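User: I would like to go through this model with you, one topic at a time. Please keep the answers plain.

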Amino acid sequence: MRRFQSAAAFTLVLSLIGLAGCQDTPSLHLDPLATNGRDGSAPSVGYDGVMRIAAAARRAGDYSNAINLYRHAATMEPSKPEPLIALGDTLLEMAKPDEAIVNFNAALKLSPKAPGALRGLARAYLKTGRPDLAGSPLALAYQDTPNDPKLLLLIGVADDFIGQHEAAQGRYQRGLEIAPGDRSLTLDLALSLALSEKFDQAIGLLRPVVYAPGATPQERQTLALIYGLKGDERTARQLARMDLDAASVDHNLAYYETLRHLSPDARSRAILSASAAARPPS
């Protein structure tokens, strides 16, 4: 089983939602200016084609070309919010939430209720540690899509950020009623229960997921974190060793002990701030 280096250990523990597997992907080398046939040899590529090429570049991890292409698409169709939303999402993946906020707000000027822009803006505010600002776009999005599990998850995260854990747990549970078995909702619900010191409930919820086929490293390491917060160092260590090297295990166990001695509010802020920074667009 793959062993992770110590420097990445705590990032892995706190990448609680949608951890992407690391793999080498070929980089797309595209010239956005060539997509309109300016060189006289290539056929003209329209707005839809540019958006598809940009999406392919983004999936391949070629963010520079993706950004150029989305910006080019925005000039081709200046009344459409979609290129700006995609640009914001790409910037979030690049850990540039402040730049993402600019683009999401620009998209909202074109379409004030664009779901992707509202959610993206909320995610960006959460990544920058400003959950109070995330509430407004989330509330607006909720008016139109109150039964969207992904939106309910984001609202739950925002509630957890401001210490309203019971409200957050209600959001996650409602999401699970709509999308039973959703792993992201289950993971965040378990973490929220742990943050409100309902450790046995959190473990009872997440343990079956962790020991089922297909469990992921972030699920195992989140359960290790919960056991660590409870004070069960032995089980936390057993779980941590499933994915981490010895130095990383010791590092994480020491950090769990540090978290245990913080006040509940300070503990929540420490964990949620780190997880929000690592949370990818959804």
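User: Leaving aside neighbours within four places in sequence, which residues is Ser 268 in contact with?

Analyst: Ser 268 is in contact with His 165 and Leu 195, where contact means heavy atoms within 4.5 Å. This is a predicted model, in which local features need pLDDT of at least 70 and side-chain atom pairs count only at pLDDT 80 or more, while totals for chains, interfaces and linings use all residues. Residues are numbered from 1 along each chain as its sequence is written, and side-chain values use heavy atoms, with hydrogens and water left out.

User: Where is Ser 268 found, and is Ser 268 buried or exposed?

Analyst: Ser 268 is found in helix α15 (residues 264–278); helices are DSSP runs of H or I with at least four residues, numbered from the N terminus. Ser 268 is buried, at a relative accessible area of 6%. Buried means under 20% relative accessible area, exposed over 50%, and partly exposed in between, with a 1.4 Å probe and protein chains only.

User: Turning to α4, how many of its 12 residues are buried?

Analyst: Of the 12 residues in α4, 10 are buried, so this helix is largely enclosed by the rest of the structure. The buried residues include Pro 83, Gly 88 and Asp 89.

User: What covers the buried residues of α4?

Analyst: The cover includes α2 (47–59), α3 (63–76), α5 (97–110) and α6 (115–127).

User: Which side chain meets that of Asp 89 in a salt bridge?

Analyst: That of Arg 123 does, at 2.6 Å from N to O. A salt bridge is a side-chain nitrogen of Lys or Arg within 4 Å of a carboxyl oxygen of Asp or Glu. Asp 89 lies in helix α4 and Arg 123 in helix α6, so the pair ties together parts that are 34 residues apart in sequence. Asp 89 is buried at 13% relative accessibility, and Arg 123 is buried at 4%.

User: How many salt bridges are there by this rule?

Analyst: The count comes to 14. One of them joins the side chains of Arg 183 and Glu 219, at 2.6 Å from N to O. Arg 183 lies in helix α10 and Glu 219 in helix α12 (residues 217–230), so this pair ties together parts that are 36 residues apart in sequence. Arg 183 is partly exposed at 37%, whereas Glu 219 is buried at 3%.

Conventions: Helices (H or I, at least four residues) and strands (E, at least two) are DSSP runs, numbered from the N terminus.
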